[in-house]
Amino acid sequence: MDKLKKIGLTALAGSLMAVSANAGEMSVSGSFGMTYSTQSGDTDGIADDYDVSGANPNQGQGIGSDKDFTVSGSGELDNGWTFSGYTLLKDDMALSSSAITLTMGSLGSVMVGAATGGASTAYDVQTPKAYEEVDDGGAVSLSANYVGNWMDGNSVTYTSPTFDLMSGMSVTAHIEYAPEASDAATNDGGNSADTTYDSGQSLGLTIAGNGLTVGVYGAERERSSAGATTNIDNDVFAGVYYVNYAMGPVAVGYSQSYYDTGLDGDGADATTTAKNVGAAEGIFESDTFSIAFNVNDNLSVSYAKAEDTYDAQSNVAGGTEIADVTMDMKSIQAAYSMGGMSIKAYRTETDNAEYQTNGGSLTVNEIALGLAF
């Protein structure tokens, strides 16, 4: 019996050596950042003056710091395939995101990880910018930033090779699958205990060439029978597309998104109620436009404007028509880089904060110094 065990172990070791990895490389990189930020406004009916409690959450300023450390590694298998992985740690040395990617030559690549953003990060609010997306510094994130965000904690992402099309254009596909679309990362050997949703899947296509880039992405989240409150609750569906064009130092772009929670609308929120994307019963639709200009190799500026509309789809039970509410954002940005140092700034304004007609406005100003190593 011992001889048979030895023979079996020898055979297993031989098969593993057939796909063994060559000696890989490990590296550490990171960045330090400092910000000075101010904000003012009258959200939730609180004006720039203090409210009756003696506090004003709209009025403030402060100096912040940010420290990121990334440990990454890569290697190559005997068949020519390569693998790479990373772990990103934030200020308190807590895990921010991690992933491992297997690149299979002309067959594309497969990625698994936690809090990576998944394929949706290549499609949501992808319009030209000097610094951040238009809703960075906004009262809340645009609904476009929630499209497919349930796929990045517990999923497999496949990226196809880039295929050449006619007239200098090319196309790349992204396919995702999550066995439990709860956006919950699981440890080795673990599983998600979510009962609201079942599996999720998404598909994205990017076409690029001759200064033009077009991206289209759609994601579905299957609602479990335990997660349905009525027999007419449906699955969650969200999608986004963008069109960007660059000509010399100028780039312009437009993006539109759609987010349907699939809920029946019986509990649709009133126009004066704050809405949370993914929880509010209704449909969110956003439109974003931006223009960016590279003054030179070091300096760039941009302007962006977004309108994000909540459509309650009426109150089915009460028969009451609920009016749409549009949250508006606009952002002016600038960025200057010099080697490993960068100075960036924005001014972002939000009106009808949290999709409320009485939501008020919020203005955030930020200037940031970044040092990368």
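Me: What is the relative accessible area of E349?

Reply: A friendly word first: this is a predicted model, where local features need pLDDT of at least 70 and side-chain atom pairs count only at pLDDT 80 or more, while totals for chains, interfaces and linings use all residues. Residues are numbered from 1 along each chain as its sequence is written, and side-chain values use heavy atoms, with hydrogens and water left out. Buried means under 20% relative accessible area, exposed over 50% and partly exposed in between (1.4 Å probe, protein chains only). E349 falls in the partly exposed class, and its relative accessible area is 23%.

Me: Which residue forms a salt bridge with E349 at 3.5 Å between the closest N and O atoms?

Reply: A salt bridge here is a side-chain nitrogen of Lys or Arg within 4 Å of a carboxyl oxygen of Asp or Glu. The closest N and O atoms of this pair are 3.5 Å apart, and the partner of E349 is K330.

Me: Why does that pair tie together separate parts of the sequence, and how many residues apart are they?

Reply: Strands are DSSP runs of E with at least two residues, helices are runs of H or I with at least four, and both are numbered from the N terminus. The salt bridge joins E349 to K330. Because E349 lies in strand 16 and K330 in strand 15 (residues 325-338), the parts tied together are apart in sequence by 19 residues.

Me: What is the N to O distance in the salt bridge of R347 and E349?

Reply: R347 is partly exposed at 38% relative accessibility. Its side chain meets that of E349 in a salt bridge, with an N to O distance of 3.2 Å.

Me: Which residues are linked with K90 in a network of salt bridges?

Reply: K90 forms a salt bridge with D68, with 3.0 Å between the closest N and O atoms. K90 lies in the loop between strand 3 (82-89) and strand 4 (95-103) and D68 in strand 2 (residues 60-76), so the pair ties together parts 22 residues apart in sequence. K90 is partly exposed at 30% relative accessibility, whereas D68 is buried at 14%. The network links K90 with D66 and D68.

Me: Which residue of strand 17 is the bridge partner of M341?

Reply: Two strands pair if DSSP finds at least two bridges between them. Strand 17 (residues 361-372) pairs with strand 1 (residues 25-41) in the antiparallel sense over 11 bridges, and S37 stands opposite E366 there. Strand 16 (residues 341-351) also pairs with strand 17 in the antiparallel sense, over 11 bridges. The bridge partner of M341 is L371.

Me: Is D124 buried or exposed?

Reply: D124 sits in the loop between strand 5 (109-114) and strand 6 (156-159). Beyond residues up to four places away in sequence, D124 touches E133, A144, N145 and V240, where contact means heavy atoms within 4.5 Å. The C-alpha atoms of D124 and S255, 131 residues apart along the chain, are 8.0 Å from each other. With a relative accessible area of 6%, D124 is buried.

Me: What is the relative accessible area of S199?

Reply: S199 belongs to strand 9 (residues 197-209). Leaving aside neighbours within four places in sequence, its contacts include Y177, P179, E220 and R221. S199 is buried, and its relative accessible area is 12%.
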